[in-house]
Amino acid sequence: MPELPEVEVVRRGLADHVVGRVITSVEVTGARTARRQPGGAPEIVARLTGRTVSGARRRGKYLWLTLDSDHAAGADCLLVHLGMSGQMLVAEGGAPPVRHLHARAELDDGRELRFVDQRTFGGWTVVPLAEALDGTGELLPAPAAHIAADPFEPGFDPLVAARTIRRRDTEIKRLLLDQTVVSGIGNIYADEALWRSGLHGRRRSGAVTLRAVTGVLEHAREVMADALAAGGTSFDALYVNVNGASGYFDRSLDVYGRAGLPCARCGTAVVREDFMNRGSHFCPVCQPAPRRSRPPRRSRAPRRG
């Protein structure tokens, strides 16, 4: 699934090529693409046709387009669910259709915005904007109002996020992936940030110092900034920008996807283990696993007699 850097690459492309354009017509052919819209594809077509794309926004992994310069609470926006393989591509008018093309919007400059989704987990939904529930005053698509700020937002406070992580006292990687604590960090960059910090993902967050947790968040921001500079992480042709170019940060990953290969820091073979229906990658020397606590001994019942 695309994470913050990949979504930001797409957002920047939309800002460059789509913002300011009028949507002259819309076609939604994939039934699953419109499954989150109560009125289905006809409602998406009706609510987008004739609108002007006024902004391309993102928080964490969430991406949306604002419409008609109306950024007030309750105004419509197009929430884009990229899912596992969704792509937002800009094509020249008259370009032949491509495989897995499920929605397209013709623009007033003759080009068209396409939604291509091989695995069909993604989709489009026209929803109202609402104030974020974290009290920052940011306007988000209503279905995403619960997600926390991401490390690139001016209002993000790593100290506050670190205190929340320590207070919840569970496996630290589980909290890094919790989008209500800090948004934008997915499996790839959680593994990379933990490796840079020398922490195992199963460490209890309450047993890690506040300084160390803050350090993990700082490393997460750093590794995502590095990925963003490289155009995102692409393991196949699915993660692309609006022009169809793949990112190449996967060449610079230190542990994710490198099971059995030597750790870049100490040379020990990287290990992969199952975690939350995903794979966690870590160095067993640089990131020692926490000791598993033994179950308490059962006290014997006193003998009678």
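Which residues does Thr-33 touch, not counting residues up to four places away in sequence? The contacts of Thr-33 are with Val-28, His-102, Ala-103, Phe-115, Gly-122, Gly-123 and Trp-124, where contact means heavy atoms within 4.5 Å.

## Basis of the model

This is a predicted model, in which local features need pLDDT of at least 70 and side-chain atom pairs count only at pLDDT 80 or more, while totals for chains, interfaces and linings use all residues. Residues are numbered from 1 along each chain as its sequence is written, and side-chain values use heavy atoms, with hydrogens and water left out.

## The chain as a whole

The protein chain has 6 helices and 11 strands; helices (H or I, at least four residues) and strands (E, at least two) are DSSP runs, numbered from the N terminus. Buried residues make up 49% of the 305 residues in the protein chain, with buried meaning under 20% relative accessible area, exposed over 50%, and partly exposed in between (1.4 Å probe, protein chains only). Among contacts between residues at least 6 apart in sequence, 62% join residues at least 24 apart.

## The surroundings of Thr-33

Thr-33 is placed in the loop between β1 (23–28) and α2 (40–48), and it counts as buried because its relative accessibility is 5%. Thr-33 and Phe-121 are 88 residues apart in sequence, yet their C-alpha atoms are 7.9 Å apart in space.

## Helix α1

Helix α1 (residues 4–17) has 14 residues and reaches 20 Å from its first C-alpha to its last, close to the 20 Å expected at 1.5 Å a residue; the expected span is 1.5 Å times one less than the number of residues in the helix. Since 10 of the 14 residues of α1 are buried, this helix is largely enclosed by the rest of the structure.

The buried residues are Leu-4, Pro-5, Glu-6, Val-7, Glu-8, Val-9, Val-10, Arg-11, Gly-13 and Leu-14. They pack against β2 (53–59), β3 (62–67), β5 (86–91), β7 (112–117), α5 (187–197) and α6.

## Helix packing around α6

Helix α3 (residues 158–168) and helix α6 (residues 210–229) pack at an angle of about 120 degrees, with their axes 9 Å apart, which makes α3 oblique to α6. Axes here are lines fitted to C-alpha atoms, for helices over the stretch in contact, and angles run from 0 to 180 degrees between N-to-C directions; angles under 35 degrees count as roughly parallel, over 145 as roughly antiparallel, 65 to 115 as roughly perpendicular and the rest as oblique. The contact is made by Pro-158, Leu-159, Ala-161, Ala-162, Arg-163, Ile-165 and Arg-166 of α3 together with Leu-210, Val-213, Thr-214 and Leu-217 of α6.

The axes of α5 and α6 come within 8 Å and cross at roughly 125 degrees, so that α5 is likewise oblique to α6. Among the residues in this contact are Tyr-189 and Glu-192 of α5 and Gly-215 and Val-216 of α6.

## Two residues with positive phi

Most residues other than glycine have a negative phi. Asp-169, in the loop between α3 and α4 (172–176), has a positive phi near 45 degrees although it is a residue other than glycine, and it is partly exposed, with a relative accessible area of 33%. Met-276, which is not a glycine, has a positive phi of about 50 degrees; it lies in the loop between β10 (271–275) and β11 (278–282) and is partly exposed, at a relative accessible area of 29%.
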